Amino acid sequence: MHAPDQRTRAIDGIVFDLDGTLVLGDRNNNGYELLPGSREVLAAARARGLPLVALTNGTVHIPEEYAANLRAAGLAFDGHEVMTPASVAADYLSRHGYKRVLVLGVSGVWRPLEVAGIEVILPLAPETGADAVLIGWHPDFNLRDLEAACKAVWAGARVFTTSNARFFATRDGPALGVSGAIATMIASVTGKRAVVLGKPSQHALACASRRLGVPIDRLAVVGDDPTLEVAMARKGGAYAVAVLTGLATEKSLAELPSGRRPHLVVRSVRDLLSSEVLARRVAS
Ligand SMILES: [Mg+2]
């Protein structure tokens with residue numbers, strides 16, 4: 001019997017980004033266009049018994065709605081195979097004993113919290129008594145929301161954001177990251193910086209690892225954004241795969257410090273079909 005090769009590691013699960021990796025949506029995340037190879041790579045991963053999850057930083061919809069939209073576009077995802085930062089928030093906030101959360105965002109942000117048994121407060125409520133503030137996709141943001149959030153923070157609530165990303169990839173080009181911009185406004189008023197719960201936070205990676213039942217060092221994380229998926233994977237010790245169908249370019253990846261560079265760069269997820277990732281053992 002041979003000792004396990006120290007220079008390789010097993011891959012027992014895959015975390016896929018959505019926008020710019022498997023699909024391109026429009027700015028409102030309604031219709032999806034499939035990126036090359038996405039259907040085939042999911043089928044191949046399933047045929048090899050690899051559990052997978054799509055982890056988006058979007059909170060426009062709840063996971064079941066994202067899954068339905070993906071199925072309509074031809075990608076076979078079940079609701080439990082899609083995670084959003086609101087799924088991570090529901091998990092994190094309930095594990096840490098938060099009970100009343102002021103939410104700045106659409107139903108895609110607050111419904112997963114309600115399902116987890118957390119009391120959701122919206123900014124129009126006269127008195128919040130919130131122990132946390134959660135910021136997500138919030139296109140109708142106005143000054144009353146900012147005021148309600150700042151008052152809750154002054155009264156002791158911790159502030160969390162689904163994302164701090166400045167942009168995300170759409171077929172119309174980069175779109176604004178709304179929750180990070182709102183978090184910055186709250187920080188400028190209160191001095192309290194929001195804890196990020198979506199990518200690239202380790203909370204998101206740990207949540208995906210628990211969802212799949214696979215330790216982080218046996219996960220491959222596939223994404224188009226060097227500051228999100230690649231950063232999250234490298235920091236946590238997962239295997240990082242960058243695709244060139246979204247925000248990353250070969251040049252931008254080559255310019256990263258070696259510890260933050262992806263382990264593997266592919267033109268699109270189609271190239272994963274012939275890669276060692278689907279063979280389930282990669283050079284470490
Ligand atoms: Mg992306």
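How many nonpolar, polar and charged residues does the lining of the largest cavity have? The last legend gives the counts. The model is predicted: local features need pLDDT of at least 70, side-chain atom pairs count only at pLDDT 80 or more, and totals for chains, interfaces and linings use all residues. Residues are numbered from 1 along each chain as its sequence is written, and side-chain values use heavy atoms, without hydrogens and water.

View 1. D17, in the loop between β2 (13-16) and β3 (23-25), and D224, in the loop between β14 (219-223) and α8 (226-236), are 207 residues apart. Helices (H or I, at least four residues) and strands (E, at least two) are DSSP runs, numbered from the N terminus. D17 is buried, with a relative accessible area of 6%; for D224, also buried, the value is 3%. Buried means under 20% relative accessible area, with a 1.4 Å probe and protein chains only.

**View 2. Buried residues of helix α4 (residues 107-115).** These are G108, V109, P112 and L113. G117, with a positive phi near 85°, follows α4.

**View 3. Lining of the largest cavity.** A cavity is a set of points, on a 1 Å grid over the protein atoms alone, where a 1.4 Å probe fits but cannot get out; lining residues have an atom within 4 Å of a point. Among the 27 lining residues, N57, G58, S163, F167 and F168 lie nearest the centre. The lining has ten nonpolar, eleven polar and six charged residues. Ala, Val, Leu, Ile, Met, Phe, Trp, Tyr, Cys and Pro count as nonpolar, Asp, Glu, Lys and Arg as charged, and the others, Gly among them, as polar.

Methods: Buried < 20%, exposed > 50% of the residue type's maximum accessible area, 1.4 Å probe, protein only. 1 Å grid on protein atoms, 1.4 Å probe; cavity = no way out; pocket = protein on both sides within 12 Å on 5 of 7 lines; lining within 4 Å.
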